[in-house]
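This briefing goes with the sequence and structure shown here.

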Amino acid sequence: MRLRHKRLTFIVIGLGLLAAAAALILTAIEDSIVFFYSPTQILEGEITTDRRLRVGGLVEEGSVERGQDSTVRFRVTDLMSAVPVQYTGLLPDLFAENQGVVAEGHFRNGTFQADEILAKHDENYMPPEVAEALKASGQWEAIENSLKKSGAFE
Amino acid sequence: MDAAGKMFLKHANPQRFLGLSAVVLPWAAGATVVLVTAGVYLALFASPPDYQQGETVRIMYVHVPAAWMAMFCYSIMAAASAAMLTWKHPLAAMVAKCTAPIGASFTFLALLTGSLWGKPMWDAWWVWDARLTSVLVLLFLYLGYIALHNAFDDPGRGSRAASVLALVGFVNVPIIKFSVDWWNTLHQPSSMVTAEGPAIHASMLAPLLVMAGAYTAYYVWVLLLRVRGEIIAVKIRALQMRQAGG
């Protein structure tokens with residue numbers, strides 16, 4: 001019996017220490033784990049921007065301008081600040097205003113020159129009729145707000 | 001604790017398990033067939049397309065339960081490994097060992113279907129974000145566990161080494177679960193656990209839950225089959241040893 005207790009205690013303590021070690025490591029390398037940075041992080045100078053990086057957020061409403069040769073300009077926002085993005089190429093199907101987006105590229109003269117655009121899908125799933133009904137009844141705002149809150153664009 | 005442990009040991013001896021599992025086995029098989037049939041029908045025919053994803057949303061009914069089972073199976077494997085190391089119980093060792101390939105298959109299915117969904121939705125088959133990477137690590141942990149189990153001539157040593165790996169790797173399970181909350185990821189956060197309740201419409205939640213039930217029944221079914229096979233293999237080995245010895 002005593003040996004069993006010893007082994008169980010050993011396992012529990014071992015797992016506790018391991019979890020603590022993992023937490024410390026993950027906190028220490030947090031900057032390299034994040035997939036993208038928010039416009040606020042970039043504008044506040046939290047990270048160096050003279051390198052390849054990813055900017056993520058929502059496509060700002062009314063900011064999309066389509067130019068010639070499939071060039072598109074828009075702003076990525078985290079609802080606190082926004083970064084202008086320019087991209088030439090095919091956009092993902094889910095690309096739309098107020099939708100999540102992640103752009104990869106680098107800064108040139110204050111504009112983010114993206115060479116890859118990924119759509120970030122949110123966690124809301126519903127049939128089209130329900131989406132229409134929500135929009136008609138004015139409850140869409142609530143969903144969009146929860147989307148913006150939870151979209152990790154802080 | 002010890003009383004509970006004794007109760008557990010009394011009811012979990014391999015001979016008793018053969019009797020009990022023979023009763024449960026046809027029910028688990030039946031539940032799997034019924035739930036898979038109902039789930040596939042609901043997921044592919046009787047549920048609506050999504051307002052953004054269109055028909056692609058149907059991949060979710062295969063992908064999400066597979067990802068849940070990948071983490072669930074690993075948790076079972078880690079718990080059984082802890083029980084095996086603590087009480088040296090043969091049945092716990094068998095449950096851990098037999099869960100590994102099933103969990104690895106669910107993990108592979110989750111990665112594969114996720115990739116197939118990612119291409120049309122994100123415009124990328126794969127990205128190295130925290131969620132995708134930690135699930136890939138989970139697959140490697142499963143494969144490492146299986147490899148370590150078979151790496152020793154003495155099955156007991158293989159089982160102990162693999163159990164330690166299973167326990168160490170358990171740290172990864174909460175990392176997978178909370179990766180989408182802790183870090184910016186391309187993968188969306190959970191639709192089930194949100195402050196406002198599930199962010200998924202009832203007409204899509206129902207097929208998802210039926211599929212989750214189907215996967216669970218399938219796991220129970222295959223696990224029982226495998227553990228029974230394992231017990232019988234041990235018996236055969238013991239008989240052969242006795243014959244060779246006598």
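A residue is counted as buried if 20 or more other C-beta atoms lie within 10 Å of its own. B:Tyr219 has 21 C-beta neighbours inside 10 Å and is therefore buried. The model is predicted.

**Chain B as a whole**

- Chain B has 8 helices and 0 strands, and its pattern along the sequence reads α-α-α-α-α-α-α-α.
- The C-alpha trace of chain B spans about 70 × 35 × 35 Å along its principal axes.
- Of the 246 residues in chain B, 39% are buried.
- Taking contacts in chain B between residues at least 6 apart in sequence, 76% join residues at least 24 apart.

**Packing of H3 against H4 in chain B**

- Helix H3 (residues 59-87) and helix H4 (residues 90-122) of chain B have axes 7 Å apart and pack at an angle of about 155°.
- Angles over 145 degrees count as roughly antiparallel, so H3(B) is roughly antiparallel to H4(B).
- The residues in the contact of H3(B) with H4(B) comprise 25 nonpolar, 7 polar and no charged.
- H3(B) and H4(B) make a left-handed crossing.

**Packing of H3 against H7 in chain B**

- The axes of H3(B) and helix H7 (residues 172-182) of chain B cross at roughly 155° and come within 10 Å.
- H3(B) and H7(B) are therefore also described as roughly antiparallel to each other.
- H3(B) contributes B:Met71, B:Tyr74 and B:Ser75 to this contact, while H7(B) contributes B:Val173, B:Ile176 and B:Lys177.
- By class, the contact of H3(B) with H7(B) has 4 nonpolar, 1 polar and 1 charged residues.
- The crossing of H3(B) and H7(B) is left-handed.

**Packing of H3 against H6 in chain B**

- H3(B) and H6(B) have axes 8 Å apart and pack at an angle of about 130°.
- H3(B) and H6(B) are therefore oblique to each other, and their crossing is left-handed.
- On the H3(B) side, the contact residues are B:Met77, B:Ala78, B:Ser81, B:Ala82, B:Met84 and B:Leu85.
- On the H6(B) side, B:Ser159, B:Arg160, B:Ser163, B:Ala166 and B:Leu167 meet them.
- The contact of H3(B) with H6(B) divides by class into 7 nonpolar, 3 polar and 1 charged residues.

**Contact between chains A and B**

- The contact takes 34 residues from chain A and 38 residues from chain B.
- At least two residues of the chain B side come from each of H3, H4, helix H6 (155-169) and helix H8 (202-245).
- H3(B) gives the largest share of the side of chain B that touches chain A, 4 residues.
- The side of chain B that touches chain A has 23 nonpolar, 10 polar and 5 charged residues.

**B:Tyr219**

- B:Tyr219 is found in helix H8 of chain B.
- Leaving out residues up to four places away in sequence, B:Tyr219 touches B:Met69, B:Cys73 and B:Ile102.
- B:Tyr219 and B:Leu35 are 184 residues apart in sequence, and their C-alpha atoms are 13 Å apart in space.

**Residues with positive phi**

- Most residues other than glycine have a negative phi.
- B:Asp123 is not a glycine but has a positive phi of about 80°.
- B:Asp123 lies in the loop between H4 and helix H5 (130-149) of chain B.
- B:Asp123 counts as partly exposed because it has 18 C-beta neighbours inside 10 Å.
- A:Asn109, also not a glycine, has a positive phi of about 50°.
- A:Asn109 lies in the loop between strand S5 (100-108) and strand S6 (111-120) of chain A.
- A:Asn109 is exposed, as 5 other C-beta atoms lie within 10 Å.

**Domains of chain A**

- The domain assignment of chain A gives domain 1 (2-32) and domain 2 (35-123).
- The C-alpha centres of domain 1 and domain 2 of chain A lie 39 Å apart.

Technical notes:
Residues numbered from 1 in each chain as written. Chains lettered and ligands numbered in written order. Predicted model: local features only at pLDDT ≥ 70, side-chain atom pairs only at ≥ 80, totals over all residues. Buried ≥ 20, exposed ≤ 12 C-beta atoms within 10 Å, placed from the backbone. Contact = placed C-beta atoms within 7 Å. Domains from an automatic or database assignment. Axes fitted to C-alpha atoms, helices over the stretch in contact; angles between N-to-C directions. Parallel < 35°, antiparallel > 145°, perpendicular 65-115°, else oblique. Left-handed = near helix turned anticlockwise from the far one by under 90°. Nonpolar A, V, L, I, M, F, W, Y, C, P; charged D, E, K, R; others polar.
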